[in-house]
Amino acid sequence: LAAPGIAKPLPAELFTVRGTNAETAPGAFAGTGRITPADRFFVRNHTSTPRLGESEWRLTVWGDGLNGGPVRFTYGQLRSLPSVTRTAFLECAGNGRDYYATQQGQSVTGTPWTLGAIGVARWRGVRLADVLRRAGIGGQAVDVMPRGLDDAYVTGGVSLGRPRRPLPVAKAMDDVILAYEMNGEPLPYDHGFPVRVVVPSWVGIASIKWLGDIEVSATALSSPWTTQSYRMFGAAYPPEGSAPLTRQTIKSMFECAPGTLFAPGRTHHLTGRSWSAAAAVRTVEVSTDGGAHWRRAKLRDTPHRDSWVRWSVDWRPRHDGPAVLLARATDARGNTQPPASVHNTQGYLFDAVVRHRVTVG
Ligand code: MTE
Ligand code: MO
C-alpha cells in the first residue's frame, strides 16, 4: 500500500498541517455552511492514510460475544442493508489542546491543535446494531471493538498494533453508524474509505477509520487507546487516570482568524460557532473587551446536539489597539464554558473560553 501520509490536497489557506495530521485553518470555516465540506475537513491519522479498494474489502465480526463463528461482510453486502443518514460532528479529543499551553501556561503532550480539529458532516451508512444482530451478537456481549486496517502505530519504538478502541455494547447498539458516505459522496480516503465507524458525540478516536474487523467480547476489552491515552492523567486525577474518555465537551470559536484587523468606528459583523456534545447549545454570550462586558449573540441556526450553531454579533470598535474577543456557550443542560480548563497531561477536552486576539486599527 502506498503511504502518502494524507491523500487529499492540503492548501495552506485551508489547513495547518503537522505531520500526518491537518487541522482546518483558523478562518477556513468562515466560507462554509453548517456542514463542513470534505475537502476542508480535518485529518487525524496515527500513521498514514491507506488507499484501500472496495472490492477487496471485507468486514469480519468475531469473538466470544457472538453466538457462532466469525461473520464476513463484503462492501456490496453492507451497502445492501437498510441505510441511515445522520448529521454528526466529529471532533478530536485534543481539539483546543494548544490553549492549555498558550492560554493557561501548562505543559501538555500531543498535537497542538487550536480549534480546527472538528467538522460536521452528513454520514450515510448502516447501523452498527444491524450488523451486530446479523452477526449473531448474544446476551453475553459486553464490549465491541472496531479496528482499523491502517498500519500499526509505533510510538517510542513500541508497536501498539492497529488503531482500535472498545465501545460498551449499550453504545454500540444505540446510535453508532458504519458509514460509507460523507456529505453525499463516497468517503474520501483520508476519512476512512471504504467504511468507517461514526460514534456521535464521542471523542474522535472512537470513530475508527478504514474499518477491518470488529471484536465482540463477553468480557471487558481495552486497548492502548483507552489505557495509555484518551483518559485524563494529572494532579486532578487518580494515578491510573480517569475512566476512558467518552463524550466530547462544549466549545466556541470565532470565524475570523486571530490577528484579523478591524477598522475603528465601523460596524463589523462577527460570526462564530458553538457546539456541545451533551445537549443543544442554548445561548452564546460574546465579549469584545476581554470579558468586562457580555452580550447575547444572535443564533443563526436551530440548535441541535449533533451539530454546531452558527451565531453573530455586531461590533463597533472605537479605539485603535489590540482587542480580545471571547465567546461562551451554554447548552440546554446548563453546561457552560469555564474561564479555565482543568489541566490533564495529554491536553484533552479543553472547554474554557478562548481569548481570541485581534487588532483594531
Ligand atoms: N481510525 C484509524 N483506523 N486510525 C486512526 O489513526 N484516528 C482517530 C479516528 N479514527 C484514527 C482513526 C482520531 S484520533 C480522530 S480525531 C478521528 O479518526 C479523525 O477523523 P478524520 O481524520 O476523518 O477527521
Ligand atoms: Mo483524535
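The points below are grouped by topic.

The model is predicted. The protein chain is split into domain 1 (15-227) and domain 2 (250-360), and the centres of domain 1 and domain 2, taken over C-alpha atoms, are 28 Å apart.

**Annotated spans**

- An unreviewed UniProt entry assigns residues 46-225 the annotation "domain: Oxidoreductase molybdopterin-binding".
- Residues 46-225 are 13% helix and 32% strand, and the end C-alpha atoms of the span are separated by 11 Å.
- UniProt, again in an unreviewed entry, gives residues 268-357 the feature "domain: Moybdenum cofactor oxidoreductase dimerisation".
- Residues 268-357 are 0% helix and 44% strand, with end C-alpha atoms 15 Å apart.

**Contacts between the domains**

- Domain 1 contributes 24 residues that are in contact with 27 residues of domain 2.
- On the side of domain 1 that touches domain 2, the elements giving two or more residues are strand S6 (84-91) and helix H2 (98-102).
- S6 gives the most to that side of domain 1, with 3 residues.
- Sorted by class, the side of domain 1 that touches domain 2 holds 12 nonpolar, 10 polar and 2 charged residues.

**Nonpolar core**

- The largest nonpolar core has 92 residues, and those touching the most other members are Leu 132, Val 144, Leu 178, Ala 179 and Val 198.
- This core lies between domain 1 (15-227) and domain 2 (250-360), because both give residues to it.
- Ala 179, when neighbours within four places in sequence are left aside, is in contact with Trp 123, Arg 124, Gly 125, Leu 187, Val 195, Arg 196 and Val 198.

**Shell around ligand 1**

- Ligand 1 is surrounded by 19 residues, of which His 46, Cys 92, Gly 148, Pro 163 and Gly 204 are the closest.
- By class, the shell around ligand 1 consists of 9 nonpolar, 6 polar and 4 charged residues.

**Arg 355**

- Arg 355 sits in the loop between strand S23 (321-331) and strand S24 (356-360).
- Not counting residues up to four places away in sequence, Arg 355 touches Gln 103, Val 324 and Leu 326.
- Arg 355 and Thr 102 are 253 residues apart along the chain, yet their C-alpha atoms are separated by 9.9 Å.

Methods
Residues are numbered from 1 along each chain as its sequence is written. Chains are lettered from A and ligands numbered from 1 in the order in which they are written. This is a predicted model: local features need pLDDT of at least 70, side-chain atom pairs count only at pLDDT 80 or more; totals for chains, interfaces and linings use all residues. UniProt positions are given in the numbering used here, feature names are shortened, and annotations may be inferred rather than shown by experiment. Helices (H or I, at least four residues) and strands (E, at least two) are DSSP runs, numbered from the N terminus. A nonpolar core is a set of buried Ala, Val, Leu, Ile, Met, Phe, Trp, Tyr and Cys residues joined through C-beta atoms within 7 Å. A residue is buried if 20 or more other C-beta atoms lie within 10 Å of its own, exposed if 12 or fewer, and partly exposed in between; C-beta atoms are placed from the backbone. Domain bounds come from an automatic or database domain assignment. Two residues are in contact if their C-beta atoms, placed from the backbone, lie within 7 Å. A residue is near a molecule or strand if its C-beta atom, placed from the backbone, lies within 6 Å of it. Ala, Val, Leu, Ile, Met, Phe, Trp, Tyr, Cys and Pro count as nonpolar, Asp, Glu, Lys and Arg as charged, and the others, Gly among them, as polar.
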